[in-house]
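Work through the exercises below with the model open. Each task is followed by a worked solution.

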Amino acid sequence: MTGFVDRLLGRVPLNGVLAIVAPLLAVLFAALVTSIVLIVTGNPPVDTLLLMVEYGTRPRTLVLTINQATTFYLSAVAVAIGFRMNLFNIGVDGQYRLAALIAAAVGGAVVLPAPLHIALIVVVAVLVGALWAAIAGVLKVTRGVSEVISTIMLNAIATGLGAWLLTQWAVPISGSNNIGTRPIPESGRFPGFELIPGTTQQVFGFIIVAALVGVGFHVMLNHTRFGFELRATGQSEPAAVASGVNVKRMVVLAMIISGGTAGLVGMPQLLGHSYTYSLDFPAGLGFTGIAIALLGRNHPVGIVFASLLWAFLDNSAQILDLEAIPKEIVTIMQGTIVLSVIVAYELAHRYSQVALQRRVGRELGEVKA
């Protein structure tokens with residue numbers, strides 16, 4: 001018998017037509033709720049949605065959407081690694097910000113040939129993220145501290161520690177009142193490329209690394225002994241212990257891998273656009289990753305579509321301000337979509353269980369007859 005959390009986190013996949021029907025129902029329900037919200041706020045739903053689609057499909061907006069989705073994807077995968085083992089790593093936000101800050105400081109302080117310089121920055125980010133997350137893992141297996149509590153506290157500590165470190169390393173940023181780490185030299189920057197015709201905006205080159213992370217996540221989860229033990233521990237810890245899995249070791253390793261992946265979250269922005277960690281470096285990406293991981297059912301392909309949808313809504317909402325429509329409506333849409341997915345998958349799962357029971361009942365009746 002599976003629990004609600006197992007179904008919520010995608011550890012109980014749906015098969016057949018239901019796997020397609022469930023997300024379609026979720027999208028239809030979210031569209032219905034959003035339309036009601038738009039009508040209540042005095043805005044025409046069809047015209048508003050068409051306006052967002054028109055703005056969101058412009059070449060420049062598409063590039064911004066892909067770049068933002070790349071960051072969202074890395075954040076969601078970091079969360080999903082913990083989710084698949086029943087670990088709630090709420091600390092991705094603190095892990096990636098601390099990792100990006102220290103990696104930026106190191107990257108701005110050294111001069112190396114291009115590939116080595118980029119590799120050094122990325123390795124530093126991964127190590128910082130992994131070590132920060134490992135604290136929560138060690139506390140859980142040695143002192144029984146819930147990773148939810150410890151990672152939330154670590155987020156607060158990372159915020160304070162990061163602010164202090166920034167004051168120690170910061171230099172004025174040319175042309176602004178902002179402060180940040182020393183700019184990363186040209187050799188440490190990850191080159192982008194022009195993917196969308198009709199705009200000079202470049203897609204982050206780090207999208208290639210994000211894709212490799214997704215492939216690595218899939219291979220690790222489904223084709224390695226470590227992935228099997230991780231999934232087994234997530235579904236039933238007593239059963240995993242009975243089969244010889246060292247659960248404490250798995251908890252620490254899962255947190256380290258999740259934190260290491262979280263360390264990459266700030267890299268597309270740092271190496272592809274800002275080249276420095278400053279006061280306006282993007283924050284809150286870890287919490288967005290939780291919603292996207294749930295929306296994508298913790299599956300590497302599902303997270304791709306969820307990241308693109310989330311980023312599309314974020315960027316297409318920019319036109320609403322110009323049309324005097326509150327863009328906070330998009331936040332309502334995003335929350336409704338996540339809620340709709342959870343409800344739709346739960347209803348589909350219950351329907352499949354009832355259908356299975358009826359089929360078994362009919363077959364038993366035929367045998368008795």
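The model is predicted, so local features need pLDDT of at least 70 and side-chain atom pairs pLDDT 80 or more, while totals for chains, interfaces and linings use all residues. Residues are numbered from 1 along each chain as its sequence is written, and side-chain values use heavy atoms, without hydrogens and water.

**Exercise 1.** Locate valine 40 and decide whether valine 40 is buried or exposed.

Solution. Step one: valine 40 lies in helix 2 (residues 18–40); helices are DSSP runs of H or I of at least four residues, strands are E runs of at least two, and both are numbered from the N terminus. Step two: apply the classes, with buried under 20% relative accessible area, exposed over 50% and partly exposed in between (1.4 Å probe, protein chains only). Step three: valine 40 is exposed because its relative accessibility is 68%.

**Exercise 2.** Which residues have the most contacts inside the largest nonpolar core?

Solution. Step one: a nonpolar core joins buried Ala, Val, Leu, Ile, Met, Phe, Trp, Tyr and Cys residues through side-chain atoms within 4.5 Å. Step two: the largest one has 92 residues, and Met267, Leu270 and Leu271 have the most contacts inside it. Step three: helix 4 (residues 59–83) supplies the largest share of this core, eleven residues.
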